[in-house]
Amino acid sequence: DKGPSFVRTIYGPDHHADIAFHWAVTRGVKQHHGKFGDMPPVPEVSPEQVGHIIEFVRALQRRAGVE
């Protein structure tokens, strides 16, 4: 209920490259896929942590056939 599932085609690497996740964390992002509101920047999450999150999301996507 806090945000969309990233295990969807719209968040797959063909539509949202890894850098988009880094930008979302550092810059924030306007609502555009769902009705969860804007995401503010999250400065307490380091680039290294974002990289780990991306690896996790991509692994879930691969298991679900989202590539």
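A polar contact is a pair of N or O atoms within 3.5 Å, where, within protein, one atom must be able to donate a hydrogen and the other to accept it. The legends below apply this and describe a predicted model.

**View 1. The side chain of Arg58 and the backbone of His16.** A polar atom of the Arg58 side chain lies 2.6 Å from the backbone oxygen of His16. Arg58 is part of helix 2, whereas His16 is placed in the segment before helix 1. Arg58 counts as buried, because its relative accessibility is 8% and the cut-off for buried is under 20%. Leaving aside neighbours within four places in sequence, Arg58 is in contact with Tyr11, Gly12, Pro13, His16, Ala17, Asp18 and Phe21.

**View 2. His16 and the residues around it.** With a relative accessibility of 12%, His16 counts as buried. A polar atom of the His16 side chain lies 2.6 Å from the backbone oxygen of Ile10, while the backbone oxygen of His16 itself lies 2.6 Å from a polar atom of the Arg58 side chain. When residues up to four places away in sequence are not counted, His16 touches Ile10, Tyr11, Phe21, His32, His33 and Arg58.

**View 3. The aromatic cluster of Phe6, Tyr11 and Phe21.** These three residues, Phe6, Tyr11 and Phe21, form one aromatic cluster, and the count of aromatic pairs comes to two. In the pair of Phe6 and Tyr11, the rings are 4.9 Å apart from centre to centre with 85° between their planes, an edge-to-face arrangement. The ring centres of Phe6 and Phe21 are 5.4 Å apart and their planes stand at 80°, so this pair is edge-to-face as well. Because Phe6 lies in the segment before helix 1 (18-27) and Phe21 lies in helix 1, the pair ties together parts that are 15 residues apart in sequence. Phe6 is partly exposed, with a relative accessible area of 32%, whereas Tyr11 is buried at 6% and Phe21 is buried at 14%.

**View 4. Helix 2 and the side that packs against helix 1.** Helix 2, made up of residues 47-63, has 17 residues and reaches 24 Å from its first C-alpha to its last, close to the 24 Å expected at 1.5 Å a residue. Within helix 2, the residues Val50, Ile54, Val57, Arg58, Ala59 and Gln61 are buried, and the buried residues of this helix pack against helix 1. An α-helix has 3.6 residues a turn, so residues three or four places apart point the same way. Just after helix 2, Gly65 takes a positive phi of about 80°.

**View 5. The largest pocket and its lining.** The space in the largest pocket is about 550 Å³. This pocket is lined by 26 residues, of which Pro4, Phe6, Ala24, Val29 and Met39 are the closest to its centre. Helix 1 and helix 2 each supply at least two residues of the lining of the largest pocket.

**View 6. Trp23 in helix 1.** Trp23 has its place in helix 1, where, at 42% relative accessibility, this residue counts as partly exposed. The C-alpha atom of Trp23 is separated by 10 Å from that of Val42, and these two residues are 19 residues apart along the chain.

Conventions:
Residues are numbered from 1 along each chain as its sequence is written. This is a predicted model: local features need pLDDT of at least 70, side-chain atom pairs count only at pLDDT 80 or more; totals for chains, interfaces and linings use all residues. Side-chain values use heavy atoms; hydrogens and water are left out. Rings of Phe, Tyr and Trp (its six-membered ring) pair if their centres lie within 6.5 Å; planes under 30 degrees apart count as stacked, over 60 as edge-to-face and the rest as tilted. Buried means under 20% relative accessible area, exposed over 50%, partly exposed in between (1.4 Å probe, protein chains only). Helices (H or I, at least four residues) and strands (E, at least two) are DSSP runs, numbered from the N terminus. The expected span of a helix is 1.5 Å times one less than its number of residues. Contact means heavy atoms within 4.5 Å. On a 1 Å grid over the protein atoms alone, a cavity is a set of points where a 1.4 Å probe fits but cannot get out, and a pocket is an open set with protein on both sides within 12 Å along at least five of seven lines; lining residues have an atom within 4 Å of a point. Grid points are joined across faces, edges and corners, and a volume is the space filled by probe spheres set on the points.
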